[in-house]
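Q: I have a structure open here and have not looked at it before. Can we go through a few parts of it?
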Amino acid sequence: QVQLVESGGGLVQAGGSLRLSCAASGRTFITYTMGWFRQAPGKEREFVAAIRWSAGNTYYPDSVKGRFTISRDNAKNTVDLQMNSLKPEDTAVYYCAAAAASRLKYGYGRDLSYDSWGQGTQVTVSS
């Protein structure tokens with residue numbers, strides 16, 4: 001339905017920055033909300049950021065608020081995640097997600113609210 005491809009992952013030192021990108025294709029006209037999640041080895045998938053179609057409303061958990069910024073370019077069908085002041089605990093596989101609904105059944109921070117997922121990109125932060 002909506003295909004997502006992440007890019008931009010890599011290795012960075014603590015305190016550094018990294019920018020992830022997600023390219024969407026398919027039925028992007030019904031992708032009202034885009035989000036980023038991450039999953040570290042042995043841990044559950046964790047909400048990172050979300051942005052609505054209007055790009056005016058963004059959502060972050062306390063763990064990344066003030067350090068990460070999500071942005072969206074509807075003309076290019078892309079969503080980015082700018083990550084600053086990275087910490088070793090940010091190390092994880094980062095996934096792009098899309099929700100084709102103006103109202104999310106489980107809210108912005110639940111993976112069950114999203115319909116489409118990318119393959120993930122590895123982010124490693126060294127101490």
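Q: Where is Ser85 found?
A: Ser85 sits in the loop between strand 8 and strand 9. Keep in mind that this is a predicted model.

Q: What is phi of Ser85 near?
A: Phi of Ser85 is near 50 degrees, a positive value in a residue other than glycine. Most residues other than glycine have a negative phi.

Q: And how does Ser85 count for accessibility?
A: Ser85 counts as partly exposed because its relative accessibility is 42%, and the partly exposed class lies between under 20% for buried and over 50% for exposed.

Q: Now Asn77: what about phi there?
A: Asn77 has a positive phi too, near 55 degrees, and is a residue other than glycine. Asn77 belongs to the loop between strand 7 (68-73) and strand 8 (78-83). With 29% relative accessibility, Asn77 counts as partly exposed.

Q: Switching to charges: how many salt bridges does the count come to?
A: The count comes to five salt bridges. One of them joins the side chains of Asp90 and Arg38, at 2.8 Å from N to O. That pair links distant parts of the chain, 52 residues apart: Asp90 is in the loop between strand 8 and strand 9, and Arg38 is in strand 4.

Q: Are those two buried or exposed?
A: Asp90 is buried, with a relative accessible area of 1%. Arg38 is buried as well, at 5%.

Q: Which salt bridge do Arg67 and Asp90 meet in, and at what distance?
A: The side chains of Arg67 and Asp90 meet in a salt bridge of 2.8 Å, N to O. Arg67 lies in the loop between strand 6 (58-59) and strand 7, and Asp90 in the loop between strand 8 and strand 9, so the pair ties together parts that are 23 residues apart in sequence. Both Arg67 and Asp90 are buried.

Q: Which residues are linked in a network of salt bridges?
A: Arg38, Glu46, Arg67 and Asp90 are.

Q: What does Asp73 form a salt bridge with?
A: Asp73 pairs with Lys76, the closest N and O atoms being 3.9 Å apart. Lys76 is exposed, with a relative accessible area of 59%, while Asp73 counts as partly exposed at 30%.

Q: Last topic, strand 9. How many of its residues are buried?
A: Seven of the eight residues in strand 9 (residues 92-99) are buried.

Q: Which way do strand 4 and strand 9 run, and how many bridges join them?
A: Strand 4 (residues 33-39) and strand 9 run antiparallel, joined by seven bridges. Thr33 has Ala99 as its bridge partner in strand 9.

Technical notes:
Residues are numbered from 1 along each chain as its sequence is written. This is a predicted model: local features need pLDDT of at least 70, side-chain atom pairs count only at pLDDT 80 or more; totals for chains, interfaces and linings use all residues. Side-chain values use heavy atoms; hydrogens and water are left out. Buried means under 20% relative accessible area, exposed over 50%, partly exposed in between (1.4 Å probe, protein chains only). Helices (H or I, at least four residues) and strands (E, at least two) are DSSP runs, numbered from the N terminus. Two strands pair if DSSP finds at least two bridges between them. A salt bridge is a side-chain nitrogen of Lys or Arg within 4 Å of a carboxyl oxygen of Asp or Glu.
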